[in-house]
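I am opening my notebook to record what I looked up, one entry at a time. The sequence and structure come first, and my notes follow.

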Amino acid sequence: MALSPGWRTLALFPVNPCGVFQKAARSSGLSLFPWGHCPWRGNGSFLDPETKAFLEENTEVTSRGSLTPEIRLRLLTPRCKFWWERADLWPRRDPYWAIYRPGGQALPRYLLDNPDVVRGKSVLDLGGGCGATAIAAKMSGASRILANDTDPVAGMAITLNCELNQLKPFPILTKNTLDLEQGKWDPVVLGDMFYDEDLADSLHRWLKDCFWTHKTQVLIGDPGRPQFRGHSIQHQLHKVVEYSLPEPTRQENNRLTTSAVWDFQP
């Protein structure tokens, strides 16, 4: 069943968590994270009772219709009230994290099938959304994981999704990673992030710095949206694998048929 118009737009062109919200927060004087000077939390500290109850009421636990049936996630589905409501009626920031988009499915599928890519390594999941890629990295034996998303509600959803998969929640960064001093991560993984030209340019610069500073492997998941295909980063990518998308994912993403994982080689 197709998404309602509001959520269809959200799924194809999600809110820019690293740009639009960053500018709005700065102009209003708001902090990008609600915990004083500590930009990340883990071990369930995101789960305040009110928000936990809201997420449990307005999302569905599912593992069907995606590339990763091994991973259970809380998502917006046709059985959820807000699937049919206008996007602007959602009482919090747009829940881009609650739509399991194609690039975000390809990355965890690849990690589950190729655990040596992350086993014993330190993984940064940039723009982690629902946390599926970070969860797949944990399942595949990563020794250290940081999930990054600027929306604190996404952080809560990631924590709930960890618990659904019998995993101890890992640290979650709720600041814009592109504004911070780079840490030593290998690999850095990101999916469905090249949907906005300014963000794509910032990501490209940041990823190049990661590569040249730390020789970091960078893996990008994307179904080949026009913004990604038309960006100059295309000249520095090697396609690692391409997946045929399940029919439900095709229906929810304007009939996109495949999604791929790319290795960034500047």
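Before the first entry I wrote down that a polar contact is a pair of N or O atoms within 3.5 Å, where, within protein, one atom must be able to donate a hydrogen and the other to accept it. I also noted that this is a predicted model.

Entry on N176. I looked up N176 and found its place in the loop between β6 (172-173) and β7 (188-191). Its side chain reaches the backbone nitrogen of L178 at 3.1 Å. Is N176 buried or exposed? Because buried means under 20% relative accessible area, N176 counts as buried at 5% relative accessibility.

Entry on two helices. I then turned to helix α5 (residues 102-113) and helix α6 (residues 132-139), whose axes come within 8 Å and cross at roughly 0 degrees. The two helices are therefore roughly parallel to each other. On the α5 side I listed G104, L107, P108, L111 and L112, which meet A132, T133, A136, A137 and M139 in α6. By class, this contact of α5 with α6 has eight nonpolar, two polar and no charged residues.

Entry on the cores. Which residues have the most contacts inside the largest nonpolar core? I found L73, L111, F170 and L219, in a core of 32 residues. At least two residues of this core come from each of β3 (73-75), α5, α6, β5 (144-148) and α7 (152-164). Leaving aside neighbours within four places in sequence, I saw that the contacts of L73 include V61, Y100, A132, I135 and L164. A second, separate core has 25 residues, among them M193, F194, A200 and L237.

Conventions: Residues are numbered from 1 along each chain as its sequence is written. This is a predicted model: local features need pLDDT of at least 70, side-chain atom pairs count only at pLDDT 80 or more; totals for chains, interfaces and linings use all residues. Side-chain values use heavy atoms; hydrogens and water are left out. Axes are lines fitted to C-alpha atoms, for helices over the stretch in contact, and angles run from 0 to 180 degrees between N-to-C directions. Helices (H or I, at least four residues) and strands (E, at least two) are DSSP runs, numbered from the N terminus. Angles under 35 degrees count as roughly parallel, over 145 as roughly antiparallel, 65 to 115 as roughly perpendicular and the rest as oblique. Contact means heavy atoms within 4.5 Å. Ala, Val, Leu, Ile, Met, Phe, Trp, Tyr, Cys and Pro count as nonpolar, Asp, Glu, Lys and Arg as charged, and the others, Gly among them, as polar. A nonpolar core is a set of buried Ala, Val, Leu, Ile, Met, Phe, Trp, Tyr and Cys residues joined through side-chain atoms within 4.5 Å. Buried means under 20% relative accessible area, exposed over 50%, partly exposed in between (1.4 Å probe, protein chains only).
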